[in-house]
Amino acid sequence: MPKVDVFDLNNQKVGEIELADSVFAAPVKEALLYEAVRHYLACQRRGTAKTKVRAEVSGSGKKLWRQKGTGRARMGSIRSPLWRHGGTVHGPVPRDYSYRLPRKMLLGALRSALSAKLRDGELKVVREFELPDHKTKSFRQVLEKLEAGKTVLVVDNSENRNLVLGSRNLPGVTLLPTREVSVYALLGHERVLISEAAAQKLSEALSQ
């Protein structure tokens, strides 16, 4: 099992934690990461694009002129797609872009993402996020001490009101519990700060 250093909020090493090899030292499979990110973005897509067909655009349904004898092309409706302001042919309609990805693929991609972050030195385990108050300034100072970077994903399971209030107004900072951690969130942030309890829970849950 890989041993990972545990830090306090002053960026001082206070211990070590052993994590599962199958979760934090797994082979990094880029194909799985690609499929997981693609699946996440597809599920987030709203799919509300809509154009009007000839039956939905405004305009009279009266035949514009008689069929024969005028010298002009025959025309039955002003709402024809051939005319300006007419309906659209084969346009987009509301649809669901989400699809199902096998659970084994999702879990494998999550292991790959966690292993890649730890391998690249972008994951840091924190003993616990015990903040003195709920002020954003206080949490920003903590992030500066921990060398968090511009974008940081904070993973913590505790009902820490100070952490929730202190992190919600910081741009580039995302707070998630372990059950909501995704490959997209891990890869979309420069650094990952995870509490010791949350790291242990991920290690146990994903190693099964």
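Trainee: What makes the charged end of Arg95 count as sitting over the ring of Tyr97?

Mentor: The charged end of Arg95 is 4.0 Å from the centre of that ring. A charge sits over a ring if NZ of Lys or CZ of Arg is within 6 Å of the ring centre and within 35 degrees of the ring normal. The charged end of Arg45 also sits over the ring of Tyr97, 3.6 Å from its centre. This is a predicted model, where local features need pLDDT of at least 70, side-chain atom pairs count only at pLDDT 80 or more, and totals for chains, interfaces and linings use all residues. Residues are numbered from 1 along each chain as its sequence is written, and side-chain values use heavy atoms, with hydrogens and water left out.

Trainee: How many aromatic pairs are there?

Mentor: The count is 2 aromatic pairs, where rings of Phe, Tyr and Trp (its six-membered ring) pair if their centres lie within 6.5 Å. Planes under 30 degrees apart count as stacked, over 60 as edge-to-face and the rest as tilted. Tyr40 and Tyr184 lie 4.6 Å apart, centre to centre, with 15° between the planes, so this pair is stacked. Tyr40 belongs to helix α2 (residues 30–44) and Tyr184 to helix α6 (residues 183–187), 144 residues apart. Helices (H or I, at least four residues) and strands (E, at least two) are DSSP runs, numbered from the N terminus.

Trainee: Why is Tyr40 called partly exposed?

Mentor: Its relative accessibility is 30%. Buried means under 20% relative accessible area, exposed over 50%, and partly exposed in between (1.4 Å probe, protein chains only). Tyr184, at 38%, is therefore partly exposed as well.

Trainee: Is Trp65 buried or exposed?

Mentor: Trp65 has a relative accessible area of 19%, so it is buried. Trp83, at 31%, is partly exposed.

Trainee: Which helices and strands does the chain have, by number?

Mentor: The protein chain has 7 helices and 6 strands.
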